[in-house]
Amino acid sequence: MKVPKSLQVDEIKESPSPPNDSEVRINPVVRRNRVDQVYRSIAAVSGSFVFLVMALIGGFLLFRGIDALRLSGWGFITESQWAPDMGGAFGIASLLPYTFSIAFVALFIAVPVSIATALFITEYAPRRIRRFLTATIDLLAAVPSLIYGLWGLFYLQPRIITLSKWLADNLGFVPFFKVNDDFGTSLGVFPSSTFVAGVIVSLMVIPICTSVMREVFGQAPPGEREGAMALGGTRWGVVRDVVLPFGQGGIIGGSMLGLGRALGETIAVTLIISPSFDAKWSIVEQGSNSIAALIALKFSESTETGISALMAAGLALFIITLLVNTAASSVVNRSRSGSATEI
Amino acid sequence: MSFALRRNKSANDMTISDTPDTESKIRIRTIETVDVTVMIGSAISAFALSQLLYETILPLSGALGFLLTCYVFFISISWLAVREIRGTVRAKDHLARLVVWTGASLAIIPLVLVVLYVIGKGYHSLRPQFFSQDQRYVGALSDSTEGGGAHAIIGTLQQVGIASLIAVPLGITTAIYMNEVKGRLAKPLRTVVDAMSAVPSIVAGLFIYAAWILALGNRQTGLAGSLALSVLFLPTVTRTAEVVLRLVPGGLREASLALGGTEWRTTSRVVLPTSRSGLVTAVILGVARVIGETAPLILTVGGAFIMNWNPLSGKQDSLPFFVYRLIRFPQEAQIARAWTGALVLLILVLVLFVAARAIGGRGPENISRLKKRRLKRKGLA
């Protein structure tokens with residue numbers, strides 16, 4: 001009987017096992033001349049530049065915002081007013097809930113849509129459409145947020161507020177959909193709300209979530225996929241029992257990456273909302289806010305203290321998105337195999 | 001989709017015309033006539049049912065409500081129909097497929113609507129002079145076809161150009177550091193690049209305002225804007241470039257090193273040329289992404305209504321900022337001008353995007369046609 005080639009190779013490899021491998025081990029380092037040294041150090045310098053920029057962003061925002069933070073003290077977290085220019089109190093106590101509720105409305109829409117889109121691309125779509133769809137999702141990410149904001153303001157808002165009204169009329173007992181209007185719910189109280197802003201932001205979150213989920217779903221092990229099929233499972237069975245369990249990390253990580261994006265979204269939110277500084281439960285009623293939108297709106301009319309306060313708010317936003325995103329990338333990276341392509 | 005068992009069973013039950021050949025290949029993605037009939041039937045009955053019930057019984061109003069009602073009826077009717085014909089398991093599968101299709105179209109439809117809406121709003125006032133004139137002689141009440149956005153277009157091009165001059169070399173060398181040099185910092189660097197790509201655009205603007213304008217005493221200029229843009233550009237380019245470099249087969253690197261090439265030669269003569277089209281795609285996609293950034297520019301470029309060719313001094317305008325300012329005017333003509341600007345911006349993005357696709361073939365994640373052929377010759381694919 002002939003021994004398979006692979007076995008032969010294995011035998012040869014194993015036979016001269018070195019007694020002390022620290023001595024025998026051949027260092028795989030190639031010869032490095034001076035050009036290589038320069039090349040490596042240039043690459044290292046530009047790599048460390050990224051660290052430098054990130055440190056500088058945090059440092060400068062803190063440096064410029066520290067005056068305002070000293071002035072307000074703990075009030076920066078507990079105060080919901082924003083009147084630093086008139087010597088009044090200011091804080092992010094109302095901004096934070098608004099910022100997060102816009103982001104959560106966006107995620108509430110974007111996550112199911114993204115899961116469906118990612119599943120469609122990896123599981124359901126014909127191979128030809130798949131490539132086209134991936135490109136379309138990328139294009140969705142490339143459309144400027146300004147244009148989404150304009151479209152939302154002029155096209156979507158007048159239409160979607162009928163849905164807001166329906167929610168308020170029929171689900172008004174839920175605090176999120178309650179509207180405090182003495183004259184009954186007229187359509188006039190629904191524009192510029194957290195809900196409308198969240199719907200627009202969801203359009204910008206969808207491509208981010210989808211691309212992460214698509215990548216992770218695509219890596220579900222083909223063996224188990226085929227096994228489920230061979231056992232007579234339907235496509236939905238394969239999705240439910242193989243793809244989704246394996247893609248869990250991708251779903252969570254992708255959603256968190258989307259959250260990071262939604263928290264920092266500026267222009268679309270600025271165009272939609274009308275600023276409000278008292279936090280409320282209702283998401284469909286007029287008036288909302290976000291840290292990023294506040295900075296964009298107040299920047300041109302602020303004095304020195306005002307700018308400092310905005311810097312402090314920017315620092316808060318920077319730290320929050322940093323935390324959310326770092327957590328998200330660690331979840332995604334754990335669920336993704338970082339293998340390189342080999343010939 | 002169908003399996004061997006099901007196919008045979010359905011063939012026995014319902015006498016399908018083509019003979020059930022057990023040797024023939026089972027096609028997973030075929031659509032059967034029964035499915036199509038069920039779908040059409042449910043669509044029609046859903047439409048009819050919502051016509052009947054809508055606004056008489058249901059507490060909904062408007063076109064949106066009608067569509068929603070139709071959709072709910074469609075889902076439930078087709079579910080019932082499939083369950084009747086095929087059983088619960090298949091009905092669940094059918095339901096899941098409908099939901100997935102819906103989700104995917106919910107992601108695509110807004111894109112189509114946005115593009116169509118911007119075209120519809122913007123093309124009225126789009127004249128050739130939009131590309132050659134600025135807003136020098138234009139008042140708030142002059143006609144929307146007067147003047148143009150040349151100053152904004154030039155500003156955007158200069159700012160994005162400078163930003164890419166800064167960010168592209170830095171980004172690609174950083175990617176090389178992470179993937180080719182693989183230095184000690186490669187791992188933490190990846191985390192930081194990820195974190196940097198999440199920096200909100202307004203924060204990038206604030207940073208440049210604090211560091212470049214307040215601390216170093218510069219004025220608001222086009223250059224300040226491009227610095228802010230490069231903060232956003234750098235992580236995008238780094239991440240995509242890294243993915244592209246990772247796709248270069250390790251065997252090529254080893255072959256180069258085995259032939260006695262130095263590391264620098266390996267990178268410059270083997271890795272970079274191999275990934276050239278992917279890198280170009282990465283850059284163009286990055287440009288497409290920053291060209292529409294508005295928030296950082298509000299803080300840094302200052303905005304202007306007249307042409308300023310010099311990005312190093314004086315306030316400059318940019319296309320997104322131009323749109324953002326004009327859309328907030330109450331006058332119809334100004335709003336129309338803003339829409340024209342938005343249309344031009346969208347066209348720029350679309351052109352860049354198509355160019356990126358054309359140059360990069362099919363995105364960096366796919367194997368090129370050449371390589372596929374090579375693999376096929378070896379019998380690997």
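**View 1. Where chain B meets chain A.** In this predicted model, 89 residues of chain B are in contact with 83 residues of chain A, two residues being in contact if their C-beta atoms, placed from the backbone, lie within 7 Å. Helix α4(B) supplies the largest share of the side of chain B that touches chain A, namely 20 residues. Helices (H or I, at least four residues) are DSSP runs, numbered from the N terminus, as are strands (E, at least two). The side of chain B that touches chain A divides into 62 nonpolar, 16 polar and 11 charged residues. Here Ala, Val, Leu, Ile, Met, Phe, Trp, Tyr, Cys and Pro count as nonpolar, Asp, Glu, Lys and Arg as charged, and the others, Gly among them, as polar.

Residues are numbered from 1 along each chain as its sequence is written, while chains are lettered from A and ligands numbered from 1 in the order in which they are written. Because the model is predicted, local features need pLDDT of at least 70 and side-chain atom pairs count only at pLDDT 80 or more, whereas totals for chains, interfaces and linings use all residues.

**View 2. The two domains of chain B.** Chain B is divided into domain 1 (31-122) and domain 2 (150-378), with bounds that come from an automatic or database domain assignment. The centres of the two domains, taken over C-alpha atoms, are separated by 40 Å. Five residues of domain 1 are in contact with five residues of domain 2 in chain B. On the domain 1 side, the touching residues are three nonpolar, one polar and one charged.

**View 3. Helices α4(B) and α14(B).** Helix α4 (residues 88-122) and helix α14 (residues 332-359) of chain B pack at about 135°, with their axes 8 Å apart. That angle makes α4(B) oblique to α14(B). Axes are lines fitted to C-alpha atoms, for helices over the stretch in contact, and angles run from 0 to 180 degrees between N-to-C directions. Angles under 35 degrees count as roughly parallel, over 145 as roughly antiparallel, 65 to 115 as roughly perpendicular and the rest as oblique. The residues making the contact include B:Val115 and B:Ile119 of α4(B) and B:Trp339 and B:Leu343 of α14(B).

**View 4. Helices α5(B) and α11(B).** Helix α5 (residues 150-181) and helix α11 (residues 276-290) of chain B pack at about 140°, their axes lying 11 Å apart. This makes α5(B) oblique to α11(B). Among the contacting residues are B:Val160 and B:Ser164 of α5(B) and B:Leu279 of α11(B). The contact has eight nonpolar, one polar and no charged residues.
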